[in-house]
Amino acid sequence: MTTAPFVSPSLSRLSSARASPVPKSSARSGTAGVAFPARPYGPSLRLSSPVMAATGLGGNGSPVAPENSAVSSRLGEVKRVTKETDVHVKINLDGTGVSNSSSGIPFLDHMLDQLASHGLFDIYVKATGDTHIYDHHSNEDIALAIGTALLQALGDRKGINRFGHFTAPLDEAAVEVILDLSGRPHLSCGLSIPTERVGAYDTQLVEHFFQSLVNTSGMTLHIRQLAGNNSHHIIEATFKAFARALRQATEYDLRRRGTIPSSKGVLSRS
């Protein structure tokens, strides 16, 4: 599968130092063809124009944090290297939906494109692994890295909606996703995928992808299939619904004025 060159608009290059997660102090020229803002990691968003400041909208039309609340785009970057895989992930929660995925698993690349496009996240994934044996290790480690990058980008989660809920149809298929960026990992996955494979992709790996992402991000995630008999449609509707629910949860609630959306006053990965 061929993806378009990945350039997150108007952004300067970021770190490619080998660390997991990449420390703030290591920012320097990054992977060729990929540009991310050379700005702090964690929860941050700057009103970038008088129009945005007046309307309270960000670059993708979503609510932004109050002007006095913080700084710049919310970024996460992780490198995960094991004897089985070598994975590099970058995510910008305040992006424009740009994706550059080269996971070694073509169908997974297609699903990551859905995550970026419908979540309006900028996502870069570069991975090599022992896919000649089986896709399991790469599928798992990419999801673990995406979850860690998401955790890093969210920081203390001040001002966000926290909850997301979306139902996505794709022809005869419909999938509902409900999530809570609570800091408590939990997955309930109610998918009934009728075939063992979509092309070369083992459909058992769909649930395992989300379980791995949940484990490192500290997310509560419920996935419920409402309809569908085409495996490709069911899986793609799942990723689209997840993207929109995650977008909703990570966007800012203007009425919250930068406070943490918890009666306990803290949302942490536990």
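User: How do you know that the span of helix 3 (residues 136-154) agrees with its number of residues?

Analyst: In this predicted model, the 19 residues of helix 3, at 1.5 Å a residue, should span 27 Å. The expected span takes 1.5 Å times one less than the number of residues. The end C-alpha atoms are 27 Å apart, so the two values agree.

User: What makes helix 3 "mostly covered"?

Analyst: Buried means under 20% relative accessible area, and 14 of the 19 residues of helix 3 are buried.

User: What follows helix 3, and what is its phi?

Analyst: Gly 155 follows helix 3, and its phi is positive, near 55°.

User: Why are strand 5 (163-170) and strand 7 (186-190) called edges?

Analyst: The open sheet of four strands has the order 5-6-10-7, with mixed pairing. Strand 5 and strand 7 each have a single partner strand, so one side of each has no neighbour in the sheet. From one strand to the next, the twist averages 10°.

User: How do you know that strand 7 and strand 10 (residues 220-227) pair?

Analyst: Pairing requires at least two bridges between the strands. Strand 7 and strand 10 have five bridges, in the parallel sense, and therefore meet that definition. Leu 187 stands opposite Leu 221 in strand 10.

User: Which helices lie on these strands, and at what angles?

Analyst: Helix 4 (residues 204-217) packs on the sheet and touches strand 7 and strand 10; its direction makes about 165° with that of strand 7. Helix 5 (residues 231-250) lies across strand 5, strand 6 (173-180) and strand 10, and runs at about 150° to strand 5.

Notes: Residues are numbered from 1 along each chain as its sequence is written. This is a predicted model: local features need pLDDT of at least 70, side-chain atom pairs count only at pLDDT 80 or more; totals for chains, interfaces and linings use all residues. Side-chain values use heavy atoms; hydrogens and water are left out. Helices (H or I, at least four residues) and strands (E, at least two) are DSSP runs, numbered from the N terminus. Buried means under 20% relative accessible area, exposed over 50%, partly exposed in between (1.4 Å probe, protein chains only). Axes are lines fitted to C-alpha atoms, for helices over the stretch in contact, and angles run from 0 to 180 degrees between N-to-C directions. Contact means heavy atoms within 4.5 Å.
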